[in-house]
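Try each task before you read its solution.

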Amino acid sequence: MIKPSQAPWLLSAPALTLYATFLIAPIASVFLISFFNFEFYGGIQVSFTLKNYIEILTDSYFYEVFARTFGVAFLVTLACVVLGTAEAYVLSRMRNPWKGLFLMVVLGPLLISVVVRTLGWALLFGSTGLISKGLQALGLAAGPVSLMYTNLGVGIALTHVMVPFMVISVWASLQKINPSTEAAALSLGASQFTVIRRVIVPQVMPGILSGAIMVFAMSASAFATPAIVGGRRLKTVATAAYDEFLNTLNWPLGSALAVLLLIATIIVLIATNRLIERRYGAVFN
Amino acid sequence: MYLRNGPIGLVFHTLFILFILAPLVMVCAVAFTGDGFISLPSNGLSLRWFKAILNNPRFIDAFLFSLGLGFLSASFAIVLAIPSALAIARFRFPGREALMAFFLSPLMIPHIVLGLAFLKFFTTIGVAGTYFGLVIAHIIVVIPYALRLVLSSATGLDPSLERAALSLGASPWITFRRIVLPLIMPGVVSGWVIAFITSFDELTMSIFIASPSTTTLPVRIFLHIEDTIDPLVTAVSAALIYMTIIAIFILDRLVGLEKLFVGKGRA
């Protein structure tokens with residue numbers, strides 16, 4: 001007879017076994033080889049060296065890569081917070097069927113592969129693309145403009161990929177608000193702007209923050225968009241690790257890059273989560 | 001009293017929707033060009049590049065391959081997720097929170113890290129570039145999505161229904177199959193769907209572990225774009241967008257998009 005205390009572990013045993021074999025072991029092996037040595041002619045050598053980490057932390061090339069990755073991720077997060085929160089608010093004030101329709105339009109792209117969405121931006125960004133032609137027609141640019149291989153282009157395309165997540169997150173918070181708080185503020189003479197700033201935003205702050213964390217972590221580790229729009233020149237941590245693994249075949253260095261990215265992401269996630277819980281846990285639960 | 005959007009809100013909304021749709025509309029438009037290079041269709045719509053897909057077995061093969069992979073990994077993931085979700089939803093035991101966090105942890109790990117971790121590990125155990133490896137990796141990545149949705153419907157389950165069945169002499173298996181499973185079915189279906197879509201769209205991890213004989217559609221499209229952006233790859237992408245639009249309408253009818261997405265999001 002199965003004891004009740006064993007039941008949950010027996011039920012989760014199949015998934016746990018799979019995780020232990022095919023998640024823990026692979027991640028551990030990445031940590032392990034990030035300490036291995038790599039010689040251009042000798043390949044990977046089993047050893048314990050901090051060489052790869054020292055190279056990443058001291059080389060100005062990698063400094064630039066990390067600065068670009070987190071800089072772009074930060075700006076994308078900022079753009080998503082502003083655009084996503086505003087759109088979620090506008091959506092929440094719509095009536096059906098418009099509400100349902102536009103929610104579908106905003107969330108639908110999440111079901112389309114990132115490669116396809118990024119291809120769309122590549123078509124728009126090229127020097128013969130619509131953006132370039134539009135700017136020239138408006139007299140804002142003298143000659144053809146290309147946003148391909150620029151940080152701005154990567155940022156715009158990434159914002160497009162990430163902003164639906166922000167909308168969902170804020171949308172979920174907005175659903176919990178009592179609409180009469182807004183009506184009360186308006187009837188007491190507050191302007192629409194004051195209502196948004198003093199009544200709405202404080203109440204959806206947990207949604208904004210959790211959305212922002214998600215967007216930041218995903219932008220920092222994004223691969224397809226920086227690879228296609230950023231090209232070979234504008235490397236991010238993810239595309240640099242990809243290069244080390246599949247082109248240079250310097251797996252130890254690539255692993256060290258991945259480990260640093262993983263650690264940085266987890267620190268940001270945990271730190272901000274703590275902050276949110278301390279600040280809002282008491283109020284919203 | 002019903003609050004309405006002011007003119008500023010509606011202008012913002014229009015611009016936002018334009019921003020969301022612009023790249024997708026662009027792909028769909030360029031796909032109809034009759035020219036041999038990237039351009040908007042100038043003299044009439046042409047199906048030239050859609051026909052060209054049919055003569056390009058590489059894309060067709062990759063599409064069918066991705067369908068099969070998504071089907072297999074979503075099915076395995078849901079089968080593994082159901083008992084785990086029931087364990088977490090129905091029992092209170094030490095380590096419950098930790099177990100749940102562990103099951104959801106693949107969401108926290110960037111796919112680029114998973115990709116090279118799997119490549120390294122599969123090379124070590126000798127299954128690099130195999131179908132087996134790809135399926136395993138996809139199962140791991142999609143389990144959290146399946147688990148979340150099954151969990152959300154299992155949490156609201158009334159335990160007395162299960163006790164009633166057991167006390168009337170039903171075996172645990174019959175109780176599960178006839179009582180519990182039908183009740184959590186909405187979560188199981190939406191969990192399977194989101195798992196399938198996540199697997200079908202996955203690029204970053206797959207690109208590390210896909211071999212020439214196990215190339216998924218996103219990997220095929222990415223490698224093509226890295227090489228050259230031409231109307232052919234645009235037509236393939238446009239076909240994908242059309243298929244997704246149809247899928248979105250069906251899904252919205254079946255499970256409701258909002259439900260599918262609240263809890264999507266990986267971080």
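**Exercise 1.** In which loop of chain A does A:Leu249 lie? Describe its backbone and its surroundings as well.

Solution. Keep in mind that this is a predicted model.
- Step 1: go to the loop between helix H11 (237–248) and helix H12 (251–280) of chain A, where A:Leu249 lies.
- Step 2: read the backbone. A:Leu249 is not a glycine, yet its phi is positive, near 65°.
- Step 3: count the neighbours. A:Leu249 has 14 other C-beta atoms within 10 Å, so it is partly exposed. Buried would take 20 or more, and exposed 12 or fewer.

**Exercise 2.** Which two residues does the cis peptide bond with omega of about 5° join?

Solution. 
- Step 1: the bond joins A:Asn96 and A:Pro97.
- Step 2: A:Pro97 sits in the loop between H3 and helix H4 (98–107) of chain A.

**Exercise 3.** Describe the chain A fold in outline, starting with its count of helices and strands.

Solution. 
- Step 1: chain A has 12 helices and 2 strands.
- Step 2: along the sequence, the elements run α-β-β-α-α-α-α-α-α-α-α-α-α-α.
- Step 3: a box of roughly 80 × 75 × 30 Å along the principal axes is filled by the C-alpha atoms of chain A.
- Step 4: 45% of the 285 residues of chain A count as buried.
- Step 5: among the chain A contacts with a separation of 6 or more, 70% link residues 24 or more positions apart.

**Exercise 4.** At what angle do helix H3 (residues 60–92) of chain A and helix H1 (residues 7–30) of chain B cross?

Solution. 
- Step 1: a pair of packed helices is described by the angle and the distance between the axes.
- Step 2: the axes of H3 of chain A and H1 of chain B cross at roughly 120° and come within 10 Å.
- Step 3: H3(A) passes H1(B) in a left-handed crossing.
- Step 4: H3(A) contributes A:Leu83, A:Ala86, A:Glu87 and A:Val90 to the contact, while H1(B) contributes B:Gly9, B:Phe12, B:His13 and B:Phe16.
- Step 5: by class, this contact has 5 nonpolar, 2 polar and 1 charged residues.

**Exercise 5.** Where does H6(B) bend?

Solution. 
- Step 1: helix H6 (residues 131–155) of chain B has 25 residues and reaches 35 Å from first C-alpha to last, close to the expected 36 Å.
- Step 2: the bend, about 40°, is at B:Val142, and the proline B:Pro144 follows within four residues.
- Step 3: H6(B) is largely enclosed by the rest of the structure, because 20 of its 25 residues are buried.

Note on methods: Residues are numbered from 1 along each chain as its sequence is written. Chains are lettered from A and ligands numbered from 1 in the order in which they are written. This is a predicted model: local features need pLDDT of at least 70, side-chain atom pairs count only at pLDDT 80 or more; totals for chains, interfaces and linings use all residues. Two residues are in contact if their C-beta atoms, placed from the backbone, lie within 7 Å. The expected span of a helix is 1.5 Å times one less than its number of residues. The bend at a residue is the angle between axes fitted to the seven residues ending there and the seven starting there. Axes are lines fitted to C-alpha atoms, for helices over the stretch in contact, and angles run from 0 to 180 degrees between N-to-C directions. A crossing is left-handed if the near helix is turned anticlockwise from the far one by less than a right angle, and right-handed if clockwise. Ala, Val, Leu, Ile, Met, Phe, Trp, Tyr, Cys and Pro count as nonpolar, Asp, Glu, Lys and Arg as charged, and the others, Gly among them, as polar.
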